[in-house]
Amino acid sequence: IPALDISQRYRPGSVREMCQATGFSVPEMKVLYRGFKTECPTGILTEESFHNIYTSFFPWGEEPYHSSICSYSHYLFSLLDGAGAGVITFQEFVLTLSLLLKGTEEDRLRWTFRLYDTNGDGYISREEMEDVAQSVFDLMGKEDDEDCQDMSALVVDQRVGVVFQGMDTNNDGLVSCEEFLGYFRRINMYQAQHRS
């Protein structure tokens, strides 16, 4: 997608084409589009607008928007903005929503891998995993007490340490997409074996 001028209005492709690409029905697509246009009359969503909409769901956790924020809404926005244009179009939004709602488990896991691979190099470092995990933890609200903040960081560090060690099967300090997928396959097999 070429760089979009935010002052212009964005028009998505035809409803039929979008339904074909996403698996949503025409009535579902129309409802999604009306909701998107209500929040984004120009048809495109900036990161600041995305953050403001997002924080209405987690008002006790996320901080007010600023362009250098390292928060979960920033990580989500960056992933939704597949073209790197600094805005999310309705098409990007609905394609991601379709993947998350109608995609295979592997599709969703690959999307989640890309969420944690914040620098886009094809690997998740422990620092990336900690940053994203801490941003999720922060959704529950940040404590004003410094001791509670330290405890929160310690809990995230410990949990990430255990998960990261389980994922990094070749012990190179990085988790590849295949290691990430393999970790969840092992969990699924373990759970299936212990259901009976």
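Colleague: Which residues are buried in α6?

Modeller: This is a predicted model, and in its helix α6 the buried residues are L109, W111, F113, L115 and Y116. The helix covers residues 105-116, and its 12 residues reach 17 Å from the first C-alpha to the last, close to the 16 Å expected at 1.5 Å a residue.

Colleague: What do the buried residues of α6 pack against?

Modeller: Their partners are the helices α4 (72-80), α5 (90-102), α7 (126-138) and α9 (177-193), together with the strands β3 (123-125) and β4.

Colleague: How many salt bridges are there?

Modeller: A salt bridge is counted when a side-chain nitrogen of Lys or Arg lies within 4 Å of a carboxyl oxygen of Asp or Glu. By this rule there are 5 salt bridges. One of them joins R185 to E106, at 3.8 Å from N to O. Because R185 belongs to helix α9 and E106 to helix α6, this pair ties together parts that are 79 residues apart in sequence. Another joins R110 and E178, at 3.5 Å from N to O. Here R110 is in α6 and E178 in α9, so parts 68 residues apart in sequence are tied together. E106, R110, E178 and R185 form a linked network of salt bridges.

Colleague: Where do R126 and E130 lie?

Modeller: Both are in helix α7, 4 residues apart, which is about one turn of the helix. R126 is partly exposed at 31% relative accessibility, and E130 is partly exposed at 22%.

Colleague: What are the buried residues of helix α1?

Modeller: In α1 (residues 15-22) they are M18, C19 and T22. Seen down the helix axis, they fall within an arc of 100°, so they line one face of α1. The face turned away from them carries the exposed residues R16, E17, Q20 and A21. The cover over the buried residues includes α2 (26-39) and α5. Just after α1, G23 takes a positive phi of about 85°.

Colleague: How many disulfides are counted?

Modeller: A disulfide is a covalent bond between the sulfur atoms of two cysteines. The count here is 0 disulfides. C19 is buried, with a relative accessible area of 11%, and C177 also counts as buried, at 15%.

Conventions:
Residues numbered from 1 in each chain as written. Predicted model: local features only at pLDDT ≥ 70, side-chain atom pairs only at ≥ 80, totals over all residues. Heavy atoms only, no water. Helix = DSSP H or I, 4+ residues; strand = E, 2+ residues; numbered from the N terminus. Expected span 1.5 Å × (residues − 1). Buried < 20%, exposed > 50% of the residue type's maximum accessible area, 1.4 Å probe, protein only. Contact = heavy atoms within 4.5 Å. Disulfide = S-S within 2.5 Å. Arc of directions from axis to C-beta.
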